[in-house]
Every structure is written in C-alpha cells, then in structure tokens.
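Hi,

Here is the structure I promised to pass on. Have a look at it first, and then read my notes below.

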There are 2 protein chains.
Amino acid sequence: MKNVKVIIWGFGAMGSGIAKTLLNRKGIDIVGVGDIGAKVGKSMFEVLGVEKGDNPEVIVGNAEEIIKPGVADIVIVCTDSYTKAVFPKLKFVMEQGINAITSAEQMAYPAAQEPELAAELDKIAKANGVSVLGTGINPGHIMDLLVLVMTGAMTDVEHIVSRRVNSLSPFGPTVMEEQGIGISVEDFNAKKASGKMAGHVGFHESVGMIAEGLGWDIEKFEQDMEPIVTDVDRVAPYGEAKAGTLAGVAMVGQAYKDGECVIEMDHPQQIEPEQVGISTGDYVIIKGTPDINLANSPEVEGGLGTTAMLVNMIPQVINADAGLQTMLSLPVPCCVLGDYRDRIKEDKKIVK
Amino acid sequence: MKNVKVIIWGFGAMGSGIAKTLLNRKGIDIVGVGDIGAKVGKSMFEVLGVEKGDNPEVIVGNAEEIIKPGVADIVIVCTDSYTKAVFPKLKFVMEQGINAITSAEQMAYPAAQEPELAAELDKIAKANGVSVLGTGINPGHIMDLLVLVMTGAMTDVEHIVSRRVNSLSPFGPTVMEEQGIGISVEDFNAKKASGKMAGHVGFHESVGMIAEGLGWDIEKFEQDMEPIVTDVDRVAPYGEAKAGTLAGVAMVGQAYKDGECVIEMDHPQQIEPEQVGISTGDYVIIKGTPDINLANSPEVEGGLGTTAMLVNMIPQVINADAGLQTMLSLPVPCCVLGDYRDRIKEDKKIVK
C-alpha cells in the first residue's frame, strides 16, 4: 500500500504543528499545504524551520489549486473555529472525493448549533463516498469524549461536572488578544456586550455530544463568561496582566433536563494560574452508579492536544463509512506510533 | 422497531447484576436466561428477588434449548474467564445467527493468548453475519482503553504505567477463596507454584490491546504475583485476614520494546485497603508529549463496572461489521440512558 497522503489547509500555529508531528510519523506523507498571504510560494520546510532531508519538496500554495481528485487520502483543515466559516472548504474537499478532518471547534458536533449545515455536510460526504470529522482536545476529547468513556463504566448517571482548568501562558499574541489578557473589567464588559469576546467555543458542542452519548433530552443550555481578575501582576511570554486587570476568562455553562441542571461545564482559562496557587487540570466528576472522580493534572496542553487528536484520528476518518462523523461514531483515538498504512482498510485508500 | 432482545447465559453474580440493570433500561427486553443447576425452572424474577411487575415471565432454562435463530439480537455470556472455556458457547450463539458479548477476561483481546481461537471466532462470526466482543472493567476499560484514549491526546508516547489499586471487600466468598484471602505466605507460595492462584486474568490482553492501539511491537511480556501480607487484622464482609496472612495479591507486569520496559502494569488487589491507609484508585501515568497524570479515586468498583460495560456496549456490538471485535475497533462505551432502539441500525436488527 502507498503511504497515506495528507494535505494541510491552513498553515498557522495548528497547521505547522500538525506538519511537524506528521514528519515524525511512519507511512504517511504531506503532499500539499494550502495557505494564503506571505507563505504562498515558500517551501513548507522553510516555513517550519526544519531540515528538508530526504523528504520531497512541498511548496505552500493555493488550496483550491492543490486539492484535486486522487491526490490525497485526507485533507486536514485548520483555518476556522465556526462551522459556517469552514463549511465551503469542507464541501470543496469532499467534492474532490477526499476525506476531511478539521480543527474547527463547532465541527466537533455541528448538529448542536448548525443542524442544517451538519445535515448538508452529511449529504455531501455520502454523495462523494467520503467522511468528515471535526475534533480537537476541547471540544473533542477532555470535556466530552472522556466524560462519555467514563460513563461507559457506569450503570446510571445523575449529574456531570466537566471541568478544565488550563493555562493560557503557552499561547501566542492572538490568543492573548482574543481572551482579553490585561484589559480592564470595563473593557471586558464592553467587548462582551458587543459580542467581541469569543471566549471558549465548544460548550454547545460538548453538551450535544454528551447528550447524544447518554440519550439525554436536554431542554435548555445556558452559558456565560466571567472575567478572571488578578490580584497580583502576572507575566506570561506573550501577555501581561497587571493587578486589577483580566488574567483570563472563565466560561461556565449549565444543561437542564426535566427542569434540573444535569451537566455543569466549567472552563476557567488564564495566564500563569500557578502564580496564584491554582493547579491546572482536567476533571470529570460524575454522580451516579458508581461515582466518578477523575483528575488529570496538569491539564493536557491545548495546542499539543488538538494537534495530536487531528493526526491520531486520520485512520478512523479514512476507514469510516461515508458521512458526517463525530467522536461518538468512530473508534477511540490512539497515538499512532506504528505505520499508518497498517491501519487503513484497502478499499478505503484513495491514493492507490 | 421492536425492543432489543437479550438472552443472558450464566446467571451468577455478573449475570444477575446485568439482568437487574437491564430491567431499568428502555427499549430492551430480557427474553431468556440460561444457567445450570438449582436455578433452572425458576422465574428469573424470583432468582433476582425483584418484582415481576408488568414484565413477561422468563424461566431460567438450558441455554442450548433457549438460543435459537431469530429469538434474540444478542446473547450476553458470563460463564467463564478463559477464551478456551467460553469458545464453544460463543460458537454456538453465533451459529444460531445471533451476536455475542462476553465478560470472559481473555476475550477482551483473545489474540494475545489464543490467536488460533481468535481467528476461528472471527471466521465463525463472519460466516454467520454477526459480531462478538469481550469486555469488562478490566480488561476492557480502566487498564487499557482509558490508557489508549489518553494517548489519543498525545503526539508521542515513551512509557506507560497502568495502575489499578482496588478493594476486594465488595466481593463474595468465591473471590476471597480465589485470591487467597487469609492464607499464609507458605500456602500462597505452594498454591502459586502449583498454578492454583489465578490472580488477575487480563494483563496479556490489556498489553495486547495497548500495543495494537499504539502500533508498538512488544517483544516480551512478563508478569508476576506477589502476596500482600497484612500487618493488622483485616475484616471484610466475606473474608478475613489475620495479621501476617494474605490480605490480597499484587499483580505486576512489564512489557518490553527494543529491550526497554515501555509498559508497567500494576494491580494490587486486597480487602480493606483503607484500614492501612491505602487509597484505592485507577491511575494512568504516561511519559511522552504531553505527559499524562490521571487518577480516578476511589476506583471504579469491579463488578459494577463490568456489568456497565456489558450492557452499555450492546448497541455497538449489534451495529458492528461482522467479525471478532475489540474495544479498539468499536465506538466508545457510553452509559445508555435513552431508548436502546434509538441506537440500533435498522439493517442490523435481528428480531424484526
């Protein structure tokens, strides 16, 4: 079997991280990179700052010109967070008869907020005999899949707390800006009121996935964003928060069934939490039979975790039945340390 | 769609626990119970000690007489721990054209110790258009599946510690006897030397599953069993260990790749661990990128967890492609709180 052939669409922090990871894997080749702006025309290796070695050259180009029928087994799309924004790209990829996987947060469970686009994606995938998945560390793993895996060991579930306490310190200037690091509470309130504070995208999707996994009818989901105001000056590599300003934002959400809150989502994100004695971690606390009290501390770092999920789910997406997939419909993610080809079904291989 | 129809083969502690759980679930009926000895001829409800209510009567009978083509969608076999022992039963079920799921520990990854029987089961399943899965809390979840799910969020894995520290106190007299509770170290050594100490069955299977999931070539696996001698008298509901005698046994195992130990299995099982300050729990400690440091404390109770896994994996087994399945080849386990019928593919339903 020929190596698994991958195209990366979007060569920012996520796309480059994926490329670096794939260069260390076996039985898989990057055959194209699509981006816009200054990177176009440059060698992928030059952009990554890694030695080309024996690898064939890959020149960053225009995605629509690179992605053609039969050139790849899968395209990894890491350009957007929202289903609406990534939809035309996924449509384009699938219409070339190629599988797609994306880091777009809303695509982890697109039926939650874009049911019509989700149905349309499923239709396009089936019409072209390919499959499409959105995944990442969150949504896609820690606050939803891990919760469900633990409920698999339970005979009854009453109440779920899904908590991720993480540090924003490893992230770059864009995230610092998006998360309002160092701004005043007044500025936060103004930005929040005008819809300019994105916060974490994914609660609706995680709750949708948990509800489907358990078979719960959720009648209402509410979420809010609160400022995390620091008492002390905090300094991260790409952001700073003076005492009295925002060190981050805390996302909270509650899902209701039969009038009762059955799922609590809790996701405070801030720079330098350790400086004020906050331990980061991923927590799954479930009341039921039996109770679950799970902690992974420190947390799985976001960028790394999402990179891992995207590269590790490649075989499951290629092998899947045609259609829109979720982490609920596919076999579990595993770190792929052997040859990718050992995991691909012969009849599902596109580049023969 | 008609309710999912289930037959339970083996009505001991596990089979009865499964029946009680299924009686509380929606869209699923127990249509038969197979056992031997004193229970035959009795009402399932009488044996369980629960009210029959509106449920149709189920009389415990001979499994081979009950299991016939078209009478059920799946048979849950909880009679044995070893693949060799359960093989004829699984063969019989599948030859009636019915899917099978079993609690037999070795069946969680039968290729590890019975590769020929595993291949044979795969062949029988395919010939009859059905599927078969072995699962449980361990092997099947805590010491293997959970490890793999966490590696899904990693870009590299170097070393794994899979640890389950549990209490044997909830178990009955059979387990007390099997685990040598209250015997002397001399008796333990004699029983171990003569192969009469079973200890935990499942390390080979868990390691096999982890190795397949990661794509690791494991060249050697070693396991051993050590006595846990108590310093103080310990009393559990069904067993007692005087100071100086066995409160349990500790199973340890090491898997090697390229001459290095890459997987450490660690599973001390004892009565009343809390009495000597030992906290029970499930632990996944992985060195890699990023590191994982996960703890679920206290541990998922074994009997309950295995019951849950068997009843929760029913839809995945019915929906699967024909063949021998593992927890690696099927979608994740979730607690099924909604209607089972909502999860079953129309073309996979046997009892129409």
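Through which surface do the copies meet? Keep in mind that this is a predicted model. In it, 100% of the interface residues of chain B are also interface residues in chain A, so the copies meet through the same surface.

**How the two chains sit together**

As for the contact itself, 51 residues of chain B touch 51 residues of chain A. About 3700 Å² is buried between the two chains, and carbon and sulfur atoms give 63% of that area. On the chain B side, B:Thr155, B:Val332 and B:Leu337 lose the most area to chain A, together 15% of what that side buries.

**The sheets**

Chain A has an open sheet of six strands with parallel pairing, in the order S2-S1-S3-S4-S5-S14. The edges are S2 (28–34) and S14 (323–325) of chain A, each with a single partner strand, so one side of each has no neighbour in the sheet. From one strand to the next, the twist averages 20 degrees. Zooming in on one pair, S1 (residues 4–9) of chain A runs parallel to S2(A), joined to it by six bridges. Within that pairing, A:Ile8 sits opposite A:Val33 of S2(A).

In chain B, an open sheet of seven strands, again with parallel pairing, has the order S3-S2-S1-S4-S5-S6-S15. Here S3 (60–61) and S15 (323–325) of chain B are at the edges with a single partner strand each, which leaves one side of each without a neighbour in the sheet. S5(B) and S6(B) run parallel and are joined by three bridges; B:Ile101 has B:Leu133 in S6(B) as its bridge partner. H5(B) packs on this sheet, touching S6 and S15 of chain B, and its direction makes about 125 degrees with that of S15(B).

**Two helices in chain B**

H4 (residues 83–95) of chain B has 13 residues and reaches 17 Å from its first C-alpha to its last, close to the 18 Å expected. Its buried residues are B:Thr83, B:Val86, B:Phe87, B:Leu90, B:Val93 and B:Met94. An α-helix has 3.6 residues a turn, so residues three or four places apart point the same way. The buried residues of H4(B) pack against strands S1, S4, S5 and S6 and helix H5 of chain B. Just after H4(B) comes B:Gly97, with a positive phi of about 80 degrees.

B:Gly215 follows H9(B), and its phi is positive, near 80 degrees.

Cheers

Technical notes: Residues are numbered from 1 along each chain as its sequence is written. Chains are lettered from A and ligands numbered from 1 in the order in which they are written. This is a predicted model: local features need pLDDT of at least 70, side-chain atom pairs count only at pLDDT 80 or more; totals for chains, interfaces and linings use all residues. Side-chain values use heavy atoms; hydrogens and water are left out. Two strands pair if DSSP finds at least two bridges between them. Helices (H or I, at least four residues) and strands (E, at least two) are DSSP runs, numbered from the N terminus. Axes are lines fitted to C-alpha atoms, for helices over the stretch in contact, and angles run from 0 to 180 degrees between N-to-C directions. The expected span of a helix is 1.5 Å times one less than its number of residues. Buried means under 20% relative accessible area, exposed over 50%, partly exposed in between (1.4 Å probe, protein chains only). Contact means heavy atoms within 4.5 Å. Buried area is the accessible area (1.4 Å probe) that two parts lose on being put together, summed over both.
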